[in-house]
Amino acid sequence: MTMDASHVEVERFVAGGEAERLSARELLGYVAECFHPRLTLACSFQKEDSVLLDLLLDVQPRARVFALDTHVLFPETYGLWRTIEKRYGIEVEVYEGPSLGRQAAVHGESLWESNPNLCCAIRKVEPLGRALADAGCWITGIRRDQSPTRADAPKLGWDDRHELWKASPLADWSDADVWAYVNEHDLPVNQLHERGYASIGCTHCTRPGEGREGRWSGMEKTECGLHTVAPATAD
Ligand code: SF4
C-alpha cells in the first residue's frame with residue numbers, strides 16, 4: 001500500500017478494538033503498511049525510543065524518525081543520538097526552535113524558570129507542529145504506567161490537535177518489559193538511566209527520579225505539551 005489507508009478504514013480498525021489486541025511489533029507493521037512514508041517516529045532518546053527504533057526499522061528500514069532539538073539536551077542524549085544514527089545507518093530529522101540567544105532577547109534569560117510553559121511551547125510544541133505537518137501518523141513512546149496523564153492512552157487513536165493518527169505501541173508495556181527488550185537486544189540507551197533518571201528531557205528541567213517525577217521537579221507542570229490536548233500556554 002503506497003497511499004495512506006483511508007481514515008474510515010483505520011477508524012473501523014480502531015473502533016473494533018483491533019489495535020489494542022496487537023503487539024507492539026504488529027501495530028508498527030500495521031501503521032507502516034497504512035501510512036509509510038507518511039509515518040514518523042518522534043524520538044526523544046528515552047529507553048522506550050530505543051525499543052521503538054529497533055522494532056520500527058526492522059519492520060520498515062526507511063521509516064522516518066525525527067527529534068526535537070531544544071539546544072539544552074544532555075551531552076549523554078546527544079551522544080546517544082550519534083550512536084543510534086551510526087548503529088542503524090539513519091539520519092534523524094531535526095526540528096528546532098529559535099536560538100537560545102534569540103529567545104533570551106525576546107523573552108528574557110532562563111525562560112525555563114520564569115515561564116516553562118512558554119519555553120516548551122517555543123522549543124518543543126511549535127517545532128513538533130512542523131515535524132508532523134505532512135505526516136499521516138506519528139509514533140510515540142508513551143506508556144500508560146508512566147503517569148496519571150498517560151493512563152488512558154490508546155495504542156492507536158486520532159490526534160485531534162495535530163489532525164493525524166497517533167500510535168503508542170508500548171502503551172501497555174511496563175518499565176520491566178522495556179528493560180527486558182533493551183537487554184535482550186543489547187540496545188544502546190541513554191547513560192543517564194543508569195544514574196537514576198527514569199525520564200530524560202532538557203538539562204534545566206530534568207532531575208533523577210522514578211517515572212516522570214524528575215521532570216519539572218518542584219513545579220506543577222508535568223507535561224511539555226507534546227501529548228496534551230490543548231497546546232501549552234504562555235501562562
Ligand atoms: S523542558 Fe525546560 S528547557 Fe526544555 S523546552 Fe521545556 S521549559 Fe524549556
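Student: How many helices and strands does the secondary structure of the protein come to?

Tutor: Helices (H or I, at least four residues) and strands (E, at least two) are DSSP runs, numbered from the N terminus. In this protein they come to 9 helices and 6 strands. The model is predicted: local features need pLDDT of at least 70, side-chain atom pairs count only at pLDDT 80 or more, and totals for chains, interfaces and linings use all residues. Residues are numbered from 1 along each chain as its sequence is written.

Student: What share of the residues of the protein counts as buried?

Tutor: A residue is buried if 20 or more other C-beta atoms, placed from the backbone, lie within 10 Å of its own, exposed if 12 or fewer, and partly exposed in between. Of the 235 residues, 40% count as buried.

Student: Which residues have the most contacts inside the largest nonpolar core?

Tutor: A nonpolar core is a set of buried Ala, Val, Leu, Ile, Met, Phe, Trp, Tyr and Cys residues joined through C-beta atoms within 7 Å. The largest one has 55 residues, and Val-31, Leu-41 and Cys-137 have the most contacts inside it. Helix H3 (residues 24-35) supplies the largest share of this core, 8 residues.

Student: Which residues does Leu-41 touch?

Tutor: Two residues are in contact if their C-beta atoms, placed from the backbone, lie within 7 Å. Leaving aside residues up to four places away in sequence, Leu-41 touches Leu-52, Leu-53, Leu-56, Ala-63, Arg-64, Val-65 and Ile-139.

Student: Against which elements do the buried residues of H8 pack?

Tutor: An α-helix has 3.6 residues a turn, so residues three or four places apart point the same way. The buried residues of H8 include Pro-116, Cys-119, Cys-120, Ile-122 and Arg-123. The buried residues of this helix pack against strand E2 (64-68), strand E3 (93-95), helix H6 (100-107) and helix H7 (111-114). Leu-118, also in H8, is partly exposed, with 18 other C-beta atoms within 10 Å.

Student: How many residues surround the ligand?

Tutor: A residue is near a molecule if its C-beta atom, placed from the backbone, lies within 6 Å of it. Here 13 residues surround the ligand, the closest being Pro-116, Cys-119, Cys-120, Cys-202 and Cys-205. H8 gives the largest share of this shell, 5 residues. With Ala, Val, Leu, Ile, Met, Phe, Trp, Tyr, Cys and Pro as nonpolar, Asp, Glu, Lys and Arg as charged, and the others, Gly among them, as polar, the shell divides into 8 nonpolar, 3 polar and 2 charged.

Student: Where does the backbone hold a cis peptide bond or a positive phi?

Tutor: Most residues other than glycine have a negative phi, and most peptide bonds are trans. A cis peptide bond joins His-36 and Pro-37, with omega about 10°; Pro-37 sits in the loop between H3 and strand E1 (39-42). Phe-45 has a positive phi of about 65° and lies in the loop between E1 and helix H4 (47-59). Ser-110, with a positive phi of about 50°, belongs to the loop between H6 and H7.

Student: Are Phe-45 and Ser-110 buried or partly exposed?

Tutor: Phe-45 counts as buried because 26 C-beta neighbours lie inside 10 Å. Ser-110 has 14 such neighbours inside 10 Å and therefore counts as partly exposed.
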